[in-house]
Structure formats: structure tokens, C-alpha cells
Amino acid sequence: MPGTTLPKITLPKIASRSRKSLAIVAAAAAVPMVLTGCTDNTKSPGASASAGPIQVTSTKTECKVSTGSVPSGNLSFAVKNEGTEITEFYLLAEDGLRIVGEVENIGPGLTRNLVITAPAGKYTTACKPGMQGDGIRAAFEVTDSGNKTVDADFQKLVDTGVQQYTAYVKDQTEQLVTGTKAFADAYAAGDASKARELYAATRMHWERIEPVAESFGDLDPKLDAREADLEPGQEWTGWHRAEKDLFPPAGYTALTATERAKIATQLVADTEELGKRTRTVVLSADKLGNGAKELLDEVARGKVTGEEEIWSHTDLWDFQANVDGARIAFENLKPALAQKDAALATSLDEKFAALQAELKKHAKGDGFAYYTELSPAEVQQLAALVDALGEPLSKLTSAVVL
Amino acid sequence: MSGCPFNHEPAEAPDGGTQPAAVGPHRRGVSRRGLFSLAGVGGVGAVAGLAAGYLSHDAVAAVAAPAGSGSNVVPFYGERQAGIITPTQDRLHMAAFDVTIEDRAAVIQLLKDWTAAAEAMTTGRTTGATGAVDGSYDAPPEDTGEALDLAAGKLTLTFGFGPGLFEKDLKPRFGLEGRRPGALIDLPHFPGDALQPERTGGDIVVQACADDPQVAVHAIRNLARIGFGKVRVRWSQLGFGRTSSTSRAQATARNLFGFKDGTANLKSEDAAPLDEHVWATAGTHPGEAWMAGGSYLVSRRIRMHIEIWDRTSLREQEGLIGRTKGVGAPLSGGEEFTAPDFAIKGRDGEPLIPIDSHVRLAHADQNNGVKMLRRGYNYTDGSDGLGHLDAGLFFIAFVKDPRTHYVPMQMAMAKSDKLALEYLKHTGSGLFAVPPGIKAGGFIGEGLFA
Ligand SMILES: [Cu+2]
């Protein structure tokens, strides 16, 4: 049936070993089977929106939905695949074309949840066993529960935020390319003190957009591998190779001029390639949200522990840059978030501010104190603020995307 | 695991299964439970007699409830060492020792002393001739005593030898020239390794597994004490919850990521696969023939970034693992024990079980059919001072040959497993040659020193 197949939401797929590029279409999640069908009996009878998930059973020939009408608000579908093929479930708008929510790739025997926010209106449900064709459809209605639904301009706010962040990525990569060239020139020319001076500040442009940069699985190890990450026989290039040479540990043998020139040339070439590729990256709200969370995870894992810059000890520059990147993503999404979950937006504002205030205490001139200059108590204080921010930040994506 | 429907006591299947649970009259040590019941039955007089050492040990053994029997004893002697295919107990205390002397005879004597103590403790008795309370009033007790009144707790003690026992600074030790098995390699650096020397290596390892943590701790403590002046503990590790099952009678346990772990693990019931993947052979040169019937123990202390994991969406968690969190079914469908279908593709031709998921990378199908027997434990060593749990998986595997059965897989995982890249950090490591079992009257590693 040409022309009637379900439209597919196209989210760009960034080929990657990094997990940041997971395309989240809607919050689909498997639930333990024992939990499906559980209802909260303590709720008052009127609150039917919280009466447990709507049960959907998908087989080769049927798409059973436990109810055809629910009050507006947060809807939760528990979709069980009782067929033998992979199935999908869609909630479509009245026109039967626009996808309100979907959950794909449900293996035989598995159950997954689809949680969405839907205003009152007429809808269509569809299971798609075998992921082929039009799907098995049925009418579905959402009645007005009186709960305030989301502003119609919501999608516009999201789109604007994504555009702004895309521009930010472009700006940062341009600055990264320019800065890397200057750094590489100084390094190749043997001007170690100038290269040391440029090292941390230039890397900040990389660290601000790390989730996007890291999504290129081949470039990330070339540019940002630490010595411990190498496998036997792997050639070591990139920033940290130069770092070790510029901030040498005891007993270290310096690279020759030829070796340095090679590292420098490669660094510039890989960075230019990165710049080129980021031009065509298509971002989405979930990437912004997940990217922001991911940047904070990076801080918690490597920067607050001083593991990222083990020779230069310039971890606080990276720290600041990761926080910058996360904050920009959050602020780009904030107008949309404010509609969905104003309390979360406020809380994130406060926590970003608190972390930034603490970081500022360690500012020195244009840069920061070295990691080795921090006292254990200061590191603990930073780590606590990172955790305080990281927890609510992990809720940003689902808050905006649902 | 309480309330688990599978957690019944499986019929005792001693490793190798050839050894009767003998209670010989020559055996030393006091039954820990026996002492207790004797005090109850015989009253003050009997206890006084014991304390003064008037009763012979034979008499004690005869009076006391028979040790070395019952469902909480795993026989120590046998064709294979216990603690490899023994159904995984709930608790672990593992210790690696450095040998601090260079005297061959002294090492042999230590191994003999350890054998006697290990046999006593695994049958629920105290160590030494006079145990915890039967010795001289003016001497420190031989047994440390904290396991008094406790049952054997299915304690197993499994011994292995690290590369450092065979050579130090490139010089052979203890006359063991030519005896180091080819499979006892120095492990390569794996990408992302952050090994701490104080948690890595060791000349001799002892794995103590028991259902009671105090029993396992008591065992290592007493062995360490016996070894003072000859060996020094290099590192030790407590584990509090098994993360794999080694018997079909056991339910699959969960790791600290909340996922079922070890679903596809080799089980003690799989005799032929055990020969193929776990039990070592006589090797290629005569000097390593002593390892026939033994195995190689790989230990890795794998720190998990728990807090970061907890902020990760369920979708992503499942994608990283390749199984559902609830029932542990492979993402290709089915139930927990349904074989994963790595070929099945979903939307956009992407495999349902992601290419870089843990299940796929670790699966035998992706590793030349190679399997291993894992006995890992969850661990928590408190917190790290930054408000995060110092917790993770203490990975233990027994393999036929680490060159074929561990290194290639770990290299692949370290390179491409997103889970490893983002959520794990290897902080400790060890590789040990675990000799075959000990016959009554023999001692640990007898074949090596023959
Ligand atoms: Cu695993």
C-alpha cells in the first residue's frame, strides 16, 4: 500500500561507539513483567490517570489495547509483544500520520513502556508486527481531564533551543580549529612555554562540546586518548600525547623535533576533520539533554578526580568547559522545560549557579589553580556540587522529550 | 537473596566428587559446633578438661558432634580443588600473598601447615592442636576464635600460584626453574586499566568462599597468621554477594548495576564444556605437567561508577548490557535463558542487541566459542572520599588457558564495550595457576614441588 506506510521519525544517527548518540524517540523502557498491570489502590477513584499503564498486546494479527479512552495527562502504555516477530507501537494524531509517540524494536516476549504526555483529542493506536506496512490500527480517545496541557508553542521552543545549540557547536569548533593551529605551531616550533600556555585554554573548546565531538568514534581516540586508554601497539596521538611531552614526568625522554611536528600536524588535521563533520550533525532535544548530563558525568568521572590531565594538572579548565557546555544546552532547552517542569528548571538554575560559584573560587588570572593545588576538602566540595547538579540534570531529557 | 525460590541447598557435589567425607581419628582441631555442644552436655567439668588439654583430640572428636559431615561442609580433598565448580557461596574473602623468604623447604612446610588448617576449617573445626580455647592459659590461642559456634558454612579454600612464585627479578625461585606453566603469563595492559600495584599480583592466592562472611574472614585471617614471617598479605578483597551462579540449582544473581549477571555462565553440571574450557591440561613441556586437572584463576577488581549509572536511562542501561533489567531476557526476545539472537535486526537494520553491548562482546559466539567459569562477587570498600561508593565487581574466572580464554575477550571488551569505557575501571588484577586437588595426606601444590 504505497503512501500509507507509517512515517518514520528521522533522528540523525551518529555512528559512534559513544553512547551519547542514542536516539530517544520517546521514553520507552522495559518493565519487569511482574510490575505491569499493578495498580495503585491507594489513589482516589477519580484519579484514573494514575490507574496503571494501558495494556497493549501485540501479536501477528492483533493489537489489543486495554482501553479506548483515557483522560489527558501523562499516558503510560505497557506494550507486550506476544508475537514471534519484532513489533512496534505507535500513538498517532487524528490524521493518522503525525507520530505522537512510538516504541520500537520490541523483541518477541518482551514488554516495554511508552510514556507520553497527550492533550485531549482523537488519536490512533497502531502495532506493527514485523515492522512492516501500515500496522494494525484502532481509534483512541483522550478526554479532557482539566489538567493544564502543554502550550502549543512547545515544539517551537524546543526547535529554537536546538538551533541555538547547533550554532554554539559550530562556534566552538571554529574556535577549536583556530586555537589548535596556534597551539600546534608553537609546539612544533619547539616553543614549549607558549604551547603550555595555550594548552588548557584551547582544549576548553573541545571539552565544551565533548559529547558531540566524542560521537565520532574514530576521531575521539585520535584526539583525546589518555595513555592508559591505549591498547598494546596502538599509536598515541592527540592532546594528551603533547601534554606528556610539555609537562614531562620524571625520567621522561622528550620527543624529537620531527616527532613533535608529526603530532602537531596530525592534531590539526584531525581537528579540521572534526570541524567538517560537525557541520552536518543534526541535533535534537534528547541529544542536548543527554549531552548535558554526559558532560557532568565526565566531570564526576575524570575531572574532579584529576585523572584527565595527569601531567599538566589543568583539570579545572576542562571542568569549567564541561560545565559551560552542559549549562548552554540546559539554557537552550530552558524555555521548553519551563513549560513542562518549571520546578526542575529552577532547581537546575540554582545548582548550576552554586557549582559555578565554587569553581570561581579557584580561578587564577585567565585560568584556574592546578588540580594539585586543591585541598582534599576543596575537591570534596566540588564533587558534592557536581553530584547535586548531576542528579536533577539526568531528568532533563525525559522532562523535555516526553 | 532470601525468599528466592531457587535458593534451596543443592545436593553436595564436591569438585571431582571422588573424596569421601572422612572423619579420621588422626584429625586435629576441635569442632567449632562440637565444642559448643560439649559445653552444654558435659558442663563445667568437661570444659575445664578441654581447657587443660586433658582430653585427647580423638576423645574430643568422638564426643563432639561429628564434624566433616552435613550439608554445610564442602569436602576439601578431592581430584579438583573445591571452590571452582562448587555452587557459588554468598561471601568471599580473597587474599594474595607475597612470599618474603627464599627457602624452598620453608615454603613447602607452609603449604603443609596451610593444608592442615584449611582442611580443619572447611570441616568446621578450629585450627592447630589446641584450637581457640584448649591451649595453655598463658599462651595466645592457636585459632583466633571468631568462628567458634559457627558452622562450616560451606567454606571452600582454593589456592593458586602467581608468576612471582616462580621467578623474581628474572631469577628462578625455590628451585622452580622450568616449572612455570606457559599459560601463567604476565597479563598485558588492557585499554583503560588503572591498576593499583597494591591491588595487583601476588605470589600465592587464597580464595575463601563461604555462606557466612565471618567464616571466610576467619579462614584468611588464620592462614595469614600461620604464614607470618614467610608470607605477607599483598592485597585482600571482601565480596558480599555472588554475581554468578555455577550450578543450575542457583538463581542468577544481580550485579550492582541491578542486572542479572552470569546467565550464560558455565555450570558445574556441564562436564564436557568444563573439560574444554576450565580444566587445564598437562601443557606442552614436562615441567608444567603438574597443572593437569588444575585451572587458571583470573581476578580483576572492577570499580563501577555506580552513581553515574544510576543517572542513566533504563533504555540506555539495557542497550549497554543487551538484556532487559527485569527478567534478564536478551533484547532479541524471550526469557532469561533464551539464547540471544545476535543476527536479528530491528529498525534501520540495527541489531536488537547492540554491536557494542556487553552481552554480545562477552558471548562465546563472538569469542571463538570460548567460555569461562565465573565466580565474581559484588564488593563495597566503603566510599571514596568524594561521596561515591567504592564499589563494583570483583571478577573471578577460572579458565583452561588465559592466553586463549581470557586475554582476547578482555581486549575486545576493553576496546569496544561502551559499558567498560564509560562505567567501569579496572583497579586490581591477578593471574594464578590453580593446581589440581589435594589427596588426603598430601598438601597443596605437592605436584609442583615434587
Ligand atoms: Cu559481565
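Chain B and chain A bury about 3,700 Å² between them, 53% of it on carbon and sulfur atoms (accessible area, 1.4 Å probe, lost on being put together and summed over both parts). Within chain B, Arg311(B), Arg315(B) and Arg347(B) lose the most area to chain A, together 25% of what that side buries. The model is predicted: local features need pLDDT of at least 70, side-chain atom pairs count only at pLDDT 80 or more, and totals for chains, interfaces and linings use all residues. Residues are numbered from 1 along each chain as its sequence is written, and side-chain values use heavy atoms, without hydrogens and water.

**Interface of chain B and chain A**
- In contact (heavy atoms within 4.5 Å) are 41 residues of chain B and 50 residues of chain A.
- The interface holds nine salt bridges (a side-chain nitrogen of Lys or Arg within 4 Å of a carboxyl oxygen of Asp or Glu).
- One of the salt bridges joins the side chains of Glu422(B) and Arg301(A), at 3.4 Å from N to O.
- By class, the side of chain B that touches chain A has 14 nonpolar, twelve polar and 15 charged residues.

**Helix 1 and helix 8 of chain A**
- The axes (lines fitted to C-alpha atoms over the stretch in contact) of helix 1 (residues 154-188) and helix 8 (residues 315-340) of chain A come within 8 Å and cross at roughly 170°.
- These two helices of chain A are therefore roughly antiparallel to each other (angles over 145 degrees, on a scale from 0 to 180 between N-to-C directions).
- Residues of their contact divide into nine nonpolar, five polar and two charged.
- Helix 1 of chain A contributes Phe154(A) and Tyr168(A), among others, and helix 8 of chain A contributes residues including Asp324(A) and Lys340(A).

How values were computed: Chains are lettered from A and ligands numbered from 1 in the order in which they are written. Buried area is the accessible area (1.4 Å probe) that two parts lose on being put together, summed over both. Ala, Val, Leu, Ile, Met, Phe, Trp, Tyr, Cys and Pro count as nonpolar, Asp, Glu, Lys and Arg as charged, and the others, Gly among them, as polar. Helices (H or I, at least four residues) and strands (E, at least two) are DSSP runs, numbered from the N terminus. Angles under 35 degrees count as roughly parallel, over 145 as roughly antiparallel, 65 to 115 as roughly perpendicular and the rest as oblique.
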